[in-house]
Amino acid sequence: MGDPKNPLLSKDGDITIGTLLSIHSKETLSSSEFTEKPQFICSSVNVQVFRMAQIIIFAIDEINRSENLLPNVSIGYKIFDTCGSRLSSMSATMAVMNGQEFAAGDRCNGQPPIHAIIGESESSATVILSRTTGPFRIPVISHSATCECLSNRRDYPSFFRTIASDYHQSRALAYIVKHFGWTWVGAVNSDNDYGNNGMAIFLNTAQEEGICVEYSVKFYRTEHEKLLKVVNIIKQSTAKVIVAFLASFEMNILLEQLYIQNITGIQMIGVEAWITAKWLITPKSFQVLGGSLGFALRKNKIDGFLDYVIKEFWETAFPCLQRDGNSSQYVEICSRYQDLFVLKNITEDVPEQRYTSNVYKAVYAVAHALHNLLKCKEQGCEKGLTIQPQQVVEALKKVNFTVKFGDRVWFDSTGATVAQYEVVNWQQDSDGSIQFKAVGYYDASLPPDQRFVLNTENIIWAGGQLKKPRSVCSESCPPGTRKAAQKGRPVCCYDCITCADGEISNETDSNNCQQCPGEYWSNTENTECVLKAVEFLSFTEVMGIVLVFFSLFGVGITLVLVILFYSKKDTPIVKANNSELSFLLLFSLILCFLCSLTFIGRPTRWSCMLRHTAFGIAFVLCISCVLGKTIVVLMAFKATLPGSNVMKWFGPAQQRLSVFTFTLIQVLICVLWLTISPPFPYKNMKYYKEKIIFECSLGSTIGFWAVLGYIGLLALLCFILAFLARTLPDNFNEAKFITFSMLIFCAVWITFIPAYVSSPGKFTVAVEIFAILASSFSLLICIFAPKCYIILFKPKQNTKQHLMRKNTN
């Protein structure tokens with residue numbers, strides 16, 4: 001455009017600091033008819049940025065008066081107004097870098113016109129400034145450009161800032177969202193370096209922290225159509241929390257549209273760029289931004305600044321306001337800045353300024369760097385030294401000092417300072433005024449577990465609510481369930497699936513269910529593993545009581561028979577039936593009934609060995625007696641034939657020996673079984689998953705089936721012999737009764753085998769006890785009931801003549 005750019009405010013000095021600030025926020029062309037050269041007109045004063053210009057002059061005046069910092073060296077300044085325009089920013093950058101004076105021969109005089117530049121306010125403008133000044137190594141110190149992109153020392157080797165980069169703020173935004181349990185959020189950012197870089201860091205951190213972003217949209221202040229699309233997305237979304245990484249100007253136009261479309265009740269999470277911007281406060285804005293949370297710079301009170309703003313600044317920066325005769329020469333210059341004079345009596349925002357301390361630190365950082373370069377001592381500094389900007393850059397890397405309000409200033413390897421934020425909350429006082437109440441802090445200089453502190457009790461939420469809003473895609477899965485991702489949706493959207501039996505989850509939002517250990521099972525709620533129920537046939541349960549009753553009932557009946565037979569031992573029917581074998585048979589039946597009791601109760605090592613061996617030996621003894629009685633019957637009738645001498649080969653001695661021999665064989669089988677692989681108590685967890693079957697393992701199955709097979713062999717032999725004697729005379733029907741008892745005995749044990757194999761748990765034991773009792777009762781009833789009937793009810797038939805009478809046929 002041809003015309004040189006002049007500073008808005010300036011002062012000469014031995015050393016000059018340049019400043020670029022958007023004191024005016026709008027820039028317009030005076031004419032577009034091409035009849036005259038267009039002029040840019042700046043308007044709309046930004047009070048916040050204007051205060052920064054004031055603090056720069058205030059700090060420079062302090063330093064110039066100081067006897068300890070840069071004694072006898074004066075600092076001048078050139079403050080350029082960029083009017084919020086990229087074009088004016090470039091024009092101002094070129095103007096601040098180039099001096100107006102040239103030495104003879106149009107050669108540069110070797111003295112740099114500027115030693116450092118303070119500015120800009122926005123990250124995108126600062127990127128332009130730093131890239132332009134970078135090749136000349138002119139140090140740029142920003143007070144509010146927070147884009148992480150500026151931390152790249154290769155691209156911006158001479159850039160510094162007295163504010164932390166957005167790396168910390170972006171991560172802190174994710175931490176605050178995670179702290180409140182919001183896993184479903186929306187994200188909006190400015191479409192510039194500041195917003196795009198900050199949002200990228202937030203999105204990465206959110207993913208690391210398990211936060212899902214329903215949408216991530218952006219717009220720039222001049223893109224009205226894109227802004228409307230963003231508002232429409234917000235309106236249709238289900239997320240109740242929005243992370244707004246916006247510059248204050250974008251936040252303002254978004255706020256207007258949200259209000260117009262009546263989109264309220266959304267919890268805004270903001271950044272330092274807008275969260276404490278007073279100019280956003282309007283009667284309508286609280287409906288949208290009420291309860292907003294965000295990170296803000298700490299407020300620092302700078303002593304003397306308020307008094308300076310009221311009086312000294314206007315007298316030094318704008319001499320035309322003075323009414324003496326010499327002020328006329330400034331009247332024409334000052335007439336261009338009439339809109340600034342409106343701010344002369346506005347001072348209520350001074351204590352709320354949060355960036356002024358950063359600007360103050362930037363000025364003092366340059367002063368300390370120059371103090372070291374000029375080798376200043378108490379007597380003064382070496383004024384003759386030529387200080388190049390590159391030297392100032394190196395000196396800034398080494399500065400380390402404390403300003404008067406207590407903050408320590410130093411730059412890290414990226415040229416930034418440590419991240420320290422207040423967490424502020426938009427709240428409305430009783431008088432209707434809106435305040436930014438501090439409810440916590442974030443300090444990156446502290447240990448990780450102490451950096452982030454929040455006082456949630458003092459927070460007012462969106463819409464003035466006292467209850468924290470919920471923002472989740474899916475409600476939390478309670479203990480006892482697990483999360484199952486919904487196909488094609490973010491991980492925060494899931495269904496809650498109840499854990500399978502035997503699996504638990506004892507925490508909320510569990511990703512997987514845990515399998516319970518072997519002896520444990522899940523409770524009904526699937527929230528904890530409890531010991532499995534141990535099942536065995538107990539004396540206290542109904543089935544156990546019934547079986548015990550019948551077992552003892554059998555013992556009782558047998559004892560009654562013993563007493564009856566003993567009392568009638570001299571009667572013919574007792575004698576004819578071999579009383580010795582009968583009493584031994586009754587004794588063995590008592591053992592059979594009693595051995596069934598060993599199968600009931602909690603299995604132990606001894607009970608497991610006893611139950612099967614006692615059962616095997618008792619039944620062999622029983623069958624041996626029956627077999628002896630059968631042989632005696634056959635022998636007795638053979639002995640009646642003429643010339644037969646058979647009974648001498650199977651007399652009482654042989655009968656005892658046969659019973660003993662048959663029983664001894666079973667005893668040897670049992671001893672061999674117990675020696676090689678005896679039964680033992682075993683917790684069977686395979687048959688049922690939800691409970692343990694406490695049973696007796698057979699140890700050696702061959703031993704068990706050998707015992708059972710031997711009993712079956714004797715029973716079969718007994719049945720065959722009794723069957724052969726079935727044709728004996730009816731008056732002596734012992735063989736028929738034995739045949740019938742053996743038939744029932746064999747039928748019971750044949751059906752026992754498949755029932756035993758297929759019965760689960762304690763029913764296996766019950767089947768075995770039932771077989772023992774059934775077979776015992778069959779022997780007892782079939783063999784002894786007919787004799788009891790004759791003894792008790794037909795005593796006349798209990799005679800030798802009746803027993804020996806042959807059939808007339």
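In strand E27, glutamate 695 is the bridge partner of tyrosine 682. Strands E26 (residues 680-684) and E27 (residues 691-697) are paired in the antiparallel sense over five bridges. The structure is a predicted model, in which local features need pLDDT of at least 70 and side-chain atom pairs count only at pLDDT 80 or more, whereas totals for chains, interfaces and linings use all residues. Residues are numbered from 1 along each chain as its sequence is written, and side-chain values use heavy atoms, with hydrogens and water left out.

Helices (H or I, at least four residues) and strands (E, at least two) are DSSP runs, numbered from the N terminus. Two strands are taken to pair if DSSP finds at least two bridges between them. Strands of a sheet pair through backbone hydrogen bonds, either parallel or antiparallel.

E26 and E27 belong to an open sheet of three strands with the order E25-E27-E26 and mixed pairing. At the edges stand E25 (533-535) and E26, each with a single partner strand, so one side of each has no neighbour in the sheet. Neighbouring strands of this sheet are turned by 30° against each other on average, direction ignored; angles run from 0 to 180 degrees between N-to-C directions, and axes are lines fitted to C-alpha atoms, for helices over the stretch in contact.

A further open sheet contains eight strands in the order E10-E9-E11-E12-E13-E16-E17-E18, again with mixed pairing. Its edge strands are E10 (212-219) and E18 (452-454), each of which pairs on one side only. Strand E17 (residues 434-443) runs antiparallel to E18 and is joined to it by three bridges. In E18, phenylalanine 452 is the bridge partner of tyrosine 442. Helix H5 packs on this sheet, where it touches E9 (184-190), E10 and E11 (241-245), and its direction makes about 155° with that of E9. Contact here means heavy atoms within 4.5 Å.

Two packed helices are described by the angle between their axes and the distance between the axes. The axes of H4 (residues 166-179) and H5 (residues 193-208) come within 8 Å and cross at roughly 45°. H4 and H5 are therefore oblique to each other; angles under 35 degrees count as roughly parallel, over 145 as roughly antiparallel, 65 to 115 as roughly perpendicular and the rest as oblique. By class, eight nonpolar, four polar and three charged residues form the contact of H4 with H5. Ala, Val, Leu, Ile, Met, Phe, Trp, Tyr, Cys and Pro count as nonpolar, Asp, Glu, Lys and Arg as charged, and the others, Gly among them, as polar.

Helices H14 (residues 542-567) and H21 (residues 762-793) pack at an angle of about 25°, with their axes 10 Å apart. H14 and H21 are therefore roughly parallel to each other. The residues in contact include Phe550, Phe553 and Leu561 of H14 and Leu773, Phe777 and Phe784 of H21. By class, this contact of H14 with H21 has 18 nonpolar, three polar and one charged residues.

Rings of Phe, Tyr and Trp (its six-membered ring) pair if their centres lie within 6.5 Å; planes under 30 degrees apart count as stacked, over 60 as edge-to-face and the rest as tilted. By this rule, 30 aromatic pairs are counted. The ring centres of phenylalanine 50 and tryptophan 314 lie 5.9 Å apart and the planes stand at 40°, so this pair is tilted. The pair links distant parts of the chain, with phenylalanine 50 in H1 (residues 47-65) and tryptophan 314 in H9 (residues 305-317), 264 residues apart.
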